Amino acid sequence: VKLLQDNFEAIQAVLVDADRRQMAEEPVRLWLEKLKYASYDMEDVLDEWNTARLKLQIEGVDNNALAPRKRVCSFFPASSCFGSKQVFLRHDIAREIKEINKNLDGIHRQKDIFNFSVIRSTERSERMHSTALIDVSDVCGRVEEKSTLKSKLLGEGSEQQNAVQTISLVGMGGIGKTTLAQFVYNDNDVINHFGKRIWVCVSDPFDEYRIAKAIIEALEGSATNLVELNALLLRINESIAREKFLLVLDDVWTEDYNKWESFRRCLINGQRGSKILVTTRKETVAGMMESTDVISIKELSERECWSLFERIAFFNRPSLECEQLEEFGRKIVSKCKGLPLAVKTIGSLLRFKRSLRVWQSILDSQMWQLEEFERDYRMDKDELIKLWLAQGYIRPKENKELEMIGEEYFDYLATRSFFQEFETDDYDGLVVSCKMHDIVHDFAQYLTKNECFSTEANGHEEPLSLINTPKEKLRHSMLMLGFEASFPDSLLNAKKLRSFLISSPYDVFSSVLPRLFDQLTCLRTLKIVAHDRRWSRGMIREIPKEIEKLIHLRFLQLRDLMIDELPETCCELFNLQTLEIRQRGYYLRRLPHGFGRLVNLRHLSEFVVGITGSRNDSRSRGCKLEVLGQLRHLRGSLRIRGLGNVKDVDEAKSAGLENKMNLLHLGLGFDKEL
């Protein structure tokens, strides 16, 4: 284990440099891929050991099994009091770790070939700084946005508004915010309207000293020798006094009002009609800077994209050559999804490529050959956070609840345009669902093309895309089966699959589920959705008992399976965090006796109270209400049914609902189980 730690630490020291180089250097990308799969294997082994220890603790065999474990070595018990099963388990785990160590040792030796630099992960990569310079004739489209922005800059504003107003251009990276700002900054009417014009590329981090010096240099023509921030801000305040100025702050990321406030105070001395123009990817930045106007920048139309591409890629080409390449060019442009930066990048790449073969190779690139199923998929925010939690992407931090940390992750990605088309709750205005932008989705799939697979199948033959996918590398899969489709058996060879989302006709599951549970034992996420059940010839009333083999499972969602009850073996899923059973017009009748063993359960859609009595009583079915007292981490929404079966008030008290402080919505059903 010590060797394992040493190898991991040595590799971790060069990961930042390796990550930077992987897009340009294929050998580096392959090396990182090997490392990633080795880390997956190690995580599975440690999780297997941890689960076994947890089981012993629940069964009262090992009282120390739930002690905090922060290092790899702490997964191994110091106690010598092992039963035979524990000894065999320890031997098996040791053998697996030895194999992983051997693999990791080879990866460690390979890293020296690449001469990686040791870079701290806290060091930020250098972002390209913008300037105010632009060739106005190169700006395509944006006619409406240009007109709107220009009129707002030239407007004086009402007496009720602040003398200095802030206007923000908001949009995802590469959408053209900086280009639009450059265009109006160099417009003759704008130049004549303002006595002083200043352009500062802010970027990330927000460096107050650098920004202040840049403003002074633009105002006075030279940098100041002042070193204190207060002195710099006072100089700015004096320089813009009674001046009508335009200050462009390009690429602002910080949401810290304290950093902005000192600048705001020194700028309010400007003449009425002065403007601050901000470009940012984040609407929260526009709000923090108290923008009087926010202009959202959308994608270019395909016609505008073609005009931009044609100007770059066809520059100085013979007309006959342009005609030959136009069909390829238009197809390439349609794949850029309205992002001018993508159009410029591809156009620049092809500018000096004259061979039809090269243009065809770009069009046929794997980056464009991506499955369409997940496109336009609307994601539920709460479910997305539960999926992140199941995969271990959310780590504990201070005293925050894991779901709250997940909310922060979501907001962080949303403000950086990773998500779009938000739907909000009518009651509280909070985001409930969203989509990914097509080009973000495509790029994500390109980066994980061997690790993720999604497809639709409508016939009995296996999809060709699945046949050509290396099963040993698959970790995440989404499968949509049509009414006439058969389950692709080769998918069961993806033994290391970590998440599986399947939507299928009801009939398929009766034969598939036992095999799925038996083969895909590394699953952490399983979502099963049944459809076309009105045509069903076979029915499943109970989940197969083989589900106990999914010891790593954290997220289980079953939709419209028409099941009566869960098997007792599901109580072996000690890592389960989310259990959601949603069945339209059909209700789960009972839960297993040992349901309280699921001590890590955080999200439960419904709890069904069974008929009370002793465990050996033939009239006793299901589990008691008091079992809820053992599920200490429940949160969110919960519906309790079968309360008519509760005969003892003490049983209700022992459920401990008053102690579940994070349980926000509670539904009660006083029906009676017969």
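In the predicted model, strand 10 (residues 476-481) and strand 11 (residues 499-505) run parallel and are joined by 5 bridges. Across this pairing, Met 480 stands opposite Ser 503 in strand 11. The two strands belong to an open sheet of 7 strands, arranged in the order 9-10-11-12-13-14-15 with parallel pairing. Helix 16 (residues 381-390) lies across strand 12 (525-531), strand 13 (555-559), strand 14 (578-582) and strand 15, and its direction makes an angle of about 140° with strand 13.

Side chains of opposite charge can pair when their charged atoms come close, and in this model the count of salt bridges comes to 44. One of them joins Arg 635 to Glu 403, with the closest N and O atoms 3.3 Å apart. This pair links distant parts of the chain, since Arg 635 is placed in the loop between strand 16 (606-608) and strand 17 (636-641), whereas Glu 403 belongs to helix 17 (residues 402-415), 232 residues apart. Arg 635 has a relative accessible area of 12% and therefore counts as buried, the limit being under 20%; Glu 403, with a relative accessible area of 9%, is likewise buried.

A salt bridge is also formed between the side chains of Glu 321 and Arg 317, at 2.4 Å from N to O, and both Glu 321 and Arg 317 are buried. In the salt bridge between Glu 546 and Lys 545, the closest N and O atoms are 3.8 Å apart. Here Glu 546 is partly exposed, with a relative accessible area of 22%, while Lys 545 counts as exposed at 53% relative accessibility. Beyond such pairs, salt bridges that share partners join Glu 43, Asp 44, Asp 47, Arg 498, Arg 524 and Arg 554 into one network.

On the surface, a nonpolar patch is formed by Leu 666, Leu 668 and Phe 670, which together present about 320 Å² of accessible area. Phe 670 is found in the segment that follows strand 18 (663-668).

Terms used. Residues numbered from 1 in each chain as written. Predicted model: local features only at pLDDT ≥ 70, side-chain atom pairs only at ≥ 80, totals over all residues. Heavy atoms only, no water. Patch = residues over 30% accessible without salt bridge, like charges linked within 9 Å, V, L, I, M, F, W, Y side chains within 5 Å. Areas by Shrake-Rupley, 256 points an atom, 1.4 Å probe, with all protein chains shown as cover. Salt bridge = Lys/Arg side-chain N within 4 Å of Asp/Glu carboxyl O. Helix = DSSP H or I, 4+ residues; strand = E, 2+ residues; numbered from the N terminus. Pairing = 2+ DSSP bridges. Contact = heavy atoms within 4.5 Å. Axes fitted to C-alpha atoms, helices over the stretch in contact; angles between N-to-C directions. Buried < 20%, exposed > 50% of the residue type's maximum accessible area, 1.4 Å probe, protein only.
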